[in-house]
Amino acid sequence: MNHVGWRERIRISMAMALMLLVAGTVWLGTAESTIRVAHSAACPPGSPADLQWLTGGSGPDAVAQVVTGWYTYSQEVAAGPQAEPTRPDGCAPLQGIRTQEGDANLRLGKAMAEHWSQIDIVLFVPAYVLTVFLLITFAARNPRYEDRRTGLLWLVQRIARWPGRRARVSWLWPVLLLGGAMADEAENLTMIRRIDDWWTRLAQTKVLRLTSADLRPIHLFGMVKWALLAAPMAVAVAVGIHLAWRLLVHLRRALAEAWVQIGVSVVFVAMAWLAQGSDAVRRLSVAQWIVTLVVLTVFVVVVVLTAAGRLKPHDIPPAKPPQRRADYVLPGVVVMAAAAVLFGVARLTGWHGVDALAALVAAIGVVSLALDLGEYLGRHDLAARAAAGRVDPTRENPYVARTAAILGGVVVGGLGLVTIRATVPALVVLHDDAGNRWRATLGLVLAVLAGPVVFAARALVRRTAAISVGVQRAVLGTLTVAAVGTGWLLYHPGSVQRVAPALGTLNVLAVFLGSFCLLGSLAAHASNLVRQGVPNGDRIAVASALRLVGFRRTQSPVIFVLALWAVLATSVDYTGYYAIRVVDRDVATGSLLTPEQSIDAWLGRGPDEATRPLLVVAASGGGIRAAYWTAMVMSCVVEMDIAGNDPCALPASPAVVARRRQALLAASGASGGSLGLTSYVAQVGANWAERPRPLGLDWVDRHLGGDFLAPTLSTYLFTDMLASFLRPATGEDRAGTLEQAWERASDGAMAQPFFAAQLSGREPYLLLNGTNVADGCRILTSPIRTQQDTDAVMCTRAGDRATAVDAAPSTIDLRNQLCPTCDISYATAALNSARFPLITPAGRVLGQAGASPIDVVDGGYRDNSGASTLVDLWPEWQATLSARHATVRPIFLQIDNGYSAADLHPRPPINLNQLTAPLTAQLSLEHGIESAARQQSQHLFDGVCGDTRYVRITTLPHPGISAPLGWVLSSQAAADLRSQLRINLRAILAVRRALDGTGGCSG
């Protein structure tokens, strides 16, 4: 076999084996993190790795507690949420069931550990054995390692061939690897049998006491495994480090020419790896996966061809030296004339960001003219200086072509790993889940195919090395038309709400990044046309000022100019573009209600009873997870009744629903919690009548179960990105797109005027908390007046007011910043509290009649619990109730989300680093403020009327899929949130008893 054939085959095999190993590592790591949550609240978390020797290294007592935790968790699952949990000695549970829907197919603790061991046996062990063997084979046969001057690599090759000397791997290494693999498999099988024995013992005695003898067989096989694998792995690691170093060298030497494509590939994989990426993958149907594979293929081809320069012209005409004085003057004049045109465009269109581009182009023109005149006068030779020490432009950089091929594998393999990571949690927890099974299989296939993709991409680069300019332009034109057409659909407000969710978030990202890659090739062809068709085209296409900073005559400076433009445009104010959406109505909206007036209105719309329940709700933030969960909890508590173990199985009677709705005084939210509260109130609409129709739960899926990230990201990439350069005064930004997506999903309910409905007094008061960028004050979108001063600048002042006392300190009432006839939609009101970092921009409130403008961001920056506003207002409400001689039963409902382990265990101490202590404290500050708000609300309501009137409903960590942050929610994540209602059965029933019961005391 010749060297070329051998190298191709061994490299393809190594790449496939390596990606199989990485896929196995991701699978095992994701499964391990899932299993660690499958334990009783009072038991320490653990995984099967903790039972092995060296990997976990746990002693008998620790292993006993871990296994007992799995057993107790399984007992809780079997018992259901109503039953009292079992209490085996040494590990008493604190919480009830933590599970997913589909209990009949649920894996219990032992089955989850068996799944981990089985994946280790059938996937991970073969993957690492094959990878190590191929690396050793590569070392033994590589002719580059034969020279003694290679030092350590020569020694590695001698070891790989030992005890023989021929150019092939020694028989010793397969023997060691097979022996180590057999020991590893025996370790896993023994562990499965031991867990089965321990499980039986727990079922009989409820107590598990282990000794070293119980773990000795497992640890014995582990020691044998590592004794046999230590030497092969050491050789493989040495070869792997060398190959990784060579890869870094490739990237460094290709960075100057392929930095755009390298960055694009990293961004695509990184964005897909985030929590929102996992749910975006889980949302893809079979049809969407077909589209995804097509888009992925085109994206990979674009990345590879543009990175390798195959779509750039290679028939660059020779440079013509200037002959006359005009040849020196004309290029700078043309560039400055282009700047003048750009200034005119900025004036005519109102795109003030074009002024920054015009100033940049003018500066390039002035400097270029000065340099050209200096060359004409003989003061310097710019052409010689620009060419000195530079690579010959006609000579191709071999590292670029190789890097281009590698990037194709990175994109395909990265998506495969993301798919595995997104689907494995459900496979670990559920016995039978065909949807996740085929997705995980597809992810594994994509990951393994990353290697062949690299070599297919190398073949593509080789075969397109000499394509003609006509073919280049045809391919580039076809790709550009496809990108522009798709981009237009994702840009246009009329189509983005339909096209973006149909494509999916990852496809939207791939279309944009692929389009960005095409810019360099388009610019290169445009520059070449200028060179060929315009006098002095060389110096116009790449002006002398740009050549002086490193550009060659064969390069296009478009990306460089765009980067500078992006920096310069930040100095141009265009906050009006991000102004919140305001509707100017024909009549005045009305004045805000004082806290006293709000209580009077609430008393007036309720039943004439001696004692009434009074419910206030706080909902914490967390993106679409918080929104869906909050709306689900509100509908369950108010609209539904229990059947069996399901607290939300049946609609409540109209009379009961009416009584519960009338008890709701106010609901305060932050971020996604505000969206959930607003969606619920808007969905009820005007139906707060005495005998209403119950809502049920189905509406939550229709209104909040969609993909809101795809249209928002589309507008971000294809509209707001362009606006960041142009800086228009007005336009439809991504915040408006997100609001319209909510309005569309709610069948128009979220498009209704907010203040007109809230000030009518017919519905509960929404207190939607945002944060002011300038001073950190609370921006409250609410019908209740909290401030005596209406100007936003007064929120931080103290001691200079006459006698007025604010109901809520450091607060800006949003209604006071709008004109008398102005209103906003429910969607805009919700987004003023839910402007999620980066995904949505800060919203500018321009202010009425000279009032100071303010910029509103997410309410979670200040207090993510949503409770602090209710804590501030409750004393005045309580005083008014006492003055009206109203007898109420106050209930405070805190709706949280986030699957926080702090709900099950106390926060562990940290290993303090004095260098990072200030940053750690600053990052922890938000949690402290949030906790203080919860504790204050609990202090105010616990013990009122001699009973507990503070109830907290929250999501708890559990094995399986958890709903993510962000604005995209898969059906599996939504199903988990529905199952969490059963986990909170006792808390839900406690709120209902308080709402439906009798007795009470003065507020």
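How many of the residues of helix 21 are buried in this predicted model? The answer is 17 of its 17 residues, and helix 21 is accordingly described as mostly covered.

**Helix 21**

- Helix 21 runs over residues 623–639, and its 17 residues, at 1.5 Å a residue, should span 24 Å, which agrees with the 24 Å that separates its end C-alpha atoms.

**Aromatic pairs**

- A search of the whole structure finds 18 aromatic pairs.
- In one of these pairs, the rings of Y71 and W199 have centres 5.3 Å apart and planes at 75 degrees, and because an angle over 60 degrees counts as edge-to-face, the pair is placed in that class.
- Since Y71 belongs to helix 2 (residues 60–79) and W199 to helix 5 (residues 172–205), this pair ties together parts that are 128 residues apart in sequence, and both Y71 and W199 are buried.
- The rings of F754 and Y826 also form an edge-to-face pair, because their planes stand at 85 degrees, with the ring centres 5.5 Å apart.
- F754 lies in helix 27 (residues 754–758) whereas Y826 lies in helix 28 (residues 826–831), so that the pair ties together parts 72 residues apart in sequence.
- Both partners of that pair can be described by their accessibility: F754 counts as buried at 0% relative accessibility, and Y826 is buried with a relative accessible area of 4%.
- Elsewhere in the model, ring pairs link four residues, W874, F892, F941 and Y950, into a cluster.

**Charges over rings**

- The charged end of R421 sits over the ring of W273, at 4.5 Å from the centre of that ring.
- R402 lies over the face of Y399, where the distance to the ring centre is 5.8 Å.

**The second largest cavity**

- The structure holds four cavities of 30 Å³ or more, and the second largest cavity has a volume of about 40 Å³.
- The lining of the second largest cavity is made up of N769, G770, R778, G859, R862, D863, S868 and T869, and the elements that give two or more residues to this lining are strand 6 (765–772) and helix 29 (868–883).
- By residue class, the lining of the second largest cavity divides into five polar and three charged residues, with no nonpolar residue.

- The C-alpha atom of V26 is separated by 7.0 Å from that of L417, although the two residues are 391 residues apart along the chain.
- G847 is found in the loop between strand 10 (843–845) and strand 11 (854–857), and at 29% relative accessibility G847 counts as partly exposed.
- The C-alpha atoms of G847 and Q817 are separated by 4.8 Å, while the residues themselves are 30 residues apart along the chain.

Terms used:
Residues numbered from 1 in each chain as written. Predicted model: local features only at pLDDT ≥ 70, side-chain atom pairs only at ≥ 80, totals over all residues. Heavy atoms only, no water. Phe/Tyr/Trp six-rings, centres within 6.5 Å; stacked < 30°, edge-to-face > 60°. Helix = DSSP H or I, 4+ residues; strand = E, 2+ residues; numbered from the N terminus. Buried < 20%, exposed > 50% of the residue type's maximum accessible area, 1.4 Å probe, protein only. Lys NZ or Arg CZ within 6 Å of the ring centre and 35° of its normal. Expected span 1.5 Å × (residues − 1). 1 Å grid on protein atoms, 1.4 Å probe; cavity = no way out; pocket = protein on both sides within 12 Å on 5 of 7 lines; lining within 4 Å. Points joined across faces, edges and corners; volume = space filled by probe spheres on them. Nonpolar A, V, L, I, M, F, W, Y, C, P; charged D, E, K, R; others polar.
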